[in-house]
Structure formats: C-alpha cells, structure tokens
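Hello,

Here is the structure I promised to pass on to you. My notes on what turned up in it follow below.

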Amino acid sequence: MAEEIGKAEAAAVFGKLKAIMEKNREELTRLDAALGDGDLGMVMAKAFAHIGEKTAAIQEQAADPGKMFALAGMEIGKNAPSTMGTLLASGFMKAGKAVSGKPAIGAADMAVFIKAFADAIAALGGASQGDKTVLDVLYPAAQAAEGAAREGLGLGDVLAKAAAGAQKGLEEGRGLMARHGRPGIFREKTIGMTDPGSFAGVLIIRAFCEALSQ
Ligand SMILES: [Mg+2]
C-alpha cells in the first residue's frame, strides 16, 4: 500500500481509472439509458482511455502529482465534449491545483483533493447535494476522507473510508428525486433509480483506492 501519491502512483491511478471505466462501461450505459441519453459509458471510457494514452506525456510534463491531475483534467475537457466530461475536467483541474506544489499527495491532501473536486463540480454544474447527482457521492466521500485524515489515518485508510462514504451516498441517493440535468426531466420517476453520474463518481474514488492498494 502506497502511503502517498507521487508521480508514479498518480500514473497508476490514471491506469486504474481507464480500466475501471472500461470494465463498467456497459453498466454506465445501462444506467444512463434509463435516465439520460445512454452515452455515459462511452463518454467515461473514452475520456479515461485518452488519459491512459497521455499518461507518459503528462508525467513528463508535470512537476508534481497534483499538476498531473490538473493536466489530466485539461485533457478530459478537450476530449469529452459532454456535460459529465466538462464537469469532470473541472473537478480534476481544481482538485489537482488544490494539492499541487508538493512532491506527494498524502492522507490529509487526499481529503482536500476530494473536497475540491466536489466543489468544482458543484460550482460549474449548479446542483446541490441532495439533487441526485454525483455530488451525493462526492461530498460524503470528502467528508469521510476528512474525518479519517483528522483521526490520523494513513492514505490507504482515508481512501477506503472515502470509497465507503461514496458507496453509501450512492445507495442513499437512490431514494432521492432528480431535479437537475437530463434526469431532472423525469423527477418522481427517478426515485428508486440509481443516478448514473453518481455511479461514475463511485468508480473514480474506487479507482484511487484500488490503484494504491496494489
Ligand atoms: Mg448522457
């Protein structure tokens, strides 16, 4: 278990993001088809496949792991012309910036990263927690990570708590009604359904977790 994310570990996270989106592509498509236009599997797989291809160049160009995530965000912005792609681009750019300027991302930095990621998406998308969006998994993940870091837990445990928080947010989010974006058109019909963007958010946190536990 890596206890901090240096540039090599950030590259491993990129690889895991690509793999996890590819592996869950059909599930993302299925969830998005029920509530949206069904393109989320393609959008996510394509965005992170692109990051996978650019990993070596990003690692070379960036001075530190935070800047690697910020550059990855810029690449996603260029290559995922969709709402979720734009939101994720901003999330990675702001989160990366929030922890840049240091050689490694530690446990407390990880909590800062997830919070900045969520805040960027909230600011750009205009949704609030409880609107049945990805924010319903990102904020619980950020809160769990912050609590774990405050207790003095290491990066692996902070990420495990974040992943558990995200999963809980996903499950609780099923009971919520969508009010925002394309799923918001369906309103009451969305109660009991899984928000596809929230599932994508869970996968992102899980990718960090899995990449660093190897
Ligand atoms: Mg869609």
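A definition to begin with: residues are called buried under 20% relative accessible area, exposed over 50%, and partly exposed in between, using a 1.4 Å probe and protein chains only. Please keep in mind that this is a predicted model, so local features need pLDDT of at least 70 and side-chain atom pairs count only at pLDDT 80 or more, while totals for chains, interfaces and linings use all residues. Residues are numbered from 1 along each chain as its sequence is written, and side-chain values use heavy atoms, with hydrogens and water left out.

Let me start with K67. K67 sits in helix α4, residues 65–79; helices are DSSP runs of H or I with at least four residues, numbered from the N terminus. K67 counts as partly exposed because its relative accessibility is 35%. Leaving aside residues up to four places away in sequence, K67 touches A62, G96, S100 and G101, where contact means heavy atoms within 4.5 Å.

H50 belongs to helix α3, residues 40–61. Its relative accessibility is 14%, so H50 counts as buried. Beyond residues up to four places away in sequence, H50 touches E75 and N79.

Next, the metal. Which residues are the protein donors of the magnesium ion? They are D32, D37 and D39, each through OD, at 2.1 to 2.5 Å from the ion. Donors here are N, O and S atoms within 2.8 Å of the metal (3.2 Å for Na, K and Ca), and sites may look incomplete because water is not among the atoms. Along the sequence the donor residues follow the spacing D-x4-D-x1-D. D32 is buried, with a relative accessible area of 9%, whereas D37 is partly exposed at 44%.

The largest nonpolar core has 70 residues, and M44, F48, F69, F92, M110, F113 and F208 touch the most other members. Helix α9 gives the most to this core, with eleven residues. Such a core is a set of buried Ala, Val, Leu, Ile, Met, Phe, Trp, Tyr and Cys residues joined through side-chain atoms within 4.5 Å. The contacts of F69, again without residues up to four places away in sequence, include I5, F14, F92, F113 and F208.

On a 1 Å grid over the protein atoms alone, a cavity is a set of points where a 1.4 Å probe fits but cannot get out, and a pocket is an open set with protein on both sides within 12 Å along at least five of seven lines; lining residues have an atom within 4 Å of a point. A search of the whole structure finds one cavity of 30 Å³ or more. The largest cavity has a volume of about 50 Å³, and F92, F113, I114, F117, L138, I204, I205 and F208 line it. Two or more of these lining residues come from each of α6 (107–125) and α9 (196–212).

The largest pocket holds about 550 Å³ of space. Its lining has 24 residues, with T83, M84, L87, R182 and P183 nearest the centre. Helix α5 gives the most to that lining, with three residues.

Best wishes

Technical notes: Points joined across faces, edges and corners; volume = space filled by probe spheres on them.
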